Structure formats: C-alpha cells, structure tokens
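The following exercises are to be worked through with the sequence and the structure at hand. Each task is followed by a solution in steps.

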Amino acid sequence: MDDDASYCTPPAATPPTGTGTAEAFAECVLCREPTEYPESTKGATFCPVCAWQEAGRSACSG
C-alpha cells in the first residue's frame with residue numbers, strides 16, 4: 001500500500017464568517033427588512049417577501 005501523508009492532513013484554516021468583514025445587507029424599500037443584496041446594490045431592493053408580493057401584483061395588472 002502507498003501511504004500518502006497529504007491524504008490525512010487537515011485543510012488550511014479559514015477565517016470565521018460573520019466577523020464584520022462582509023458588507024451589510026441593503027434594506028427593503030417597502031418594509032425596511034434586510035434583503036439578500038449588499039448595500040452597494042443600485043436601485044430599489046426588496047426582501048424576498050415583498051419581491052414575491054410585488055411580482056404577484058405586477059402579474060395581475062397586465
């Protein structure tokens with residue numbers, strides 16, 4: 001059998017997530033809840049709930 005030492009070595013340590021280095025999320029323009037988009041996103045941003053409701057409204061108004 002061929003023993004490969006690199007097979008058992010643990011992966012390199014990664015910095016923990018949520019340490020404040022990530023950009024903050026943009027607010028929904030309707031309810032001010034956090035969205036899935038970063039603050040740097042241009043234009044009107046909606047949270048998932050308001051985006052779903054807006055899509056339903058625009059689908060019925062056509």
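Helices (H or I, at least four residues) and strands (E, at least two) are DSSP runs, numbered from the N terminus. The model is a predicted one, in which local features need pLDDT of at least 70 and side-chain atom pairs count only at pLDDT 80 or more, while totals for chains, interfaces and linings use all residues. Residues are numbered from 1 along each chain as its sequence is written, and side-chain values use heavy atoms, with hydrogens and water left out.

**Exercise 1. The fold**

Determine which pattern the protein chain follows along the sequence, and how strand 1 and strand 2 run.

Step 1. One helix and two strands are present in the protein chain. Their order along the sequence is β-β-α.

Step 2. Two strands are taken as paired if DSSP finds at least two bridges between them. Strand 1 and strand 2 run antiparallel and are joined by two bridges. F25 has P38, in strand 2, as its bridge partner.

Step 3. The hairpin of these strands has six residues between them, and R32 takes a positive phi near 65° there. Most residues other than glycine have a negative phi.

**Exercise 2. The salt bridges**

Find how many salt bridges the whole structure holds, and state for R32 whether the residue is buried or exposed.

Step 1. A salt bridge requires a side-chain nitrogen of Lys or Arg within 4 Å of a carboxyl oxygen of Asp or Glu. The search of the whole structure gives two.

Step 2. One of them links the side chains of R32 and E27, at 3.2 Å from N to O. R32 lies in the loop between strand 1 (25-27) and strand 2.

Step 3. For accessibility, buried means under 20% relative accessible area, exposed over 50%, and partly exposed in between (1.4 Å probe, protein chains only). R32 is therefore exposed, at 59%, and E27 is partly exposed, at 41%.

Step 4. In the salt bridge of E54 with R57, the closest N and O atoms are 2.8 Å apart. Both residues belong to helix 1 (residues 48-60) and are three residues apart, about one turn of the helix. E54 is partly exposed because its relative accessibility is 32%; R57, at 45%, is also partly exposed.

**Exercise 3. The surroundings of T45**

Identify where T45 lies and which residues T45 is in contact with, leaving aside its neighbours within four places in sequence.

Step 1. T45 is found in the loop between strand 2 (34-38) and helix 1. With 6% relative accessibility, T45 counts as buried.

Step 2. Contact means heavy atoms within 4.5 Å. With those neighbours left aside, T45 is in contact with A26, E27, C28, V29, T35 and Y37.

Step 3. The T45 side chain also reaches the backbone oxygen of E27, at 2.8 Å.

**Exercise 4. The cysteines**

Step 1. A disulfide is a pair of cysteine sulfur atoms within 2.5 Å.

Step 2. C28 is in no disulfide, the nearest cysteine sulfur being that of C50, 3.7 Å away. C28 is buried, with a relative accessible area of 2%.

How values were computed. Polar contact = N/O pair within 3.5 Å; in protein donor to acceptor, adjacent residues only side chain to side chain.
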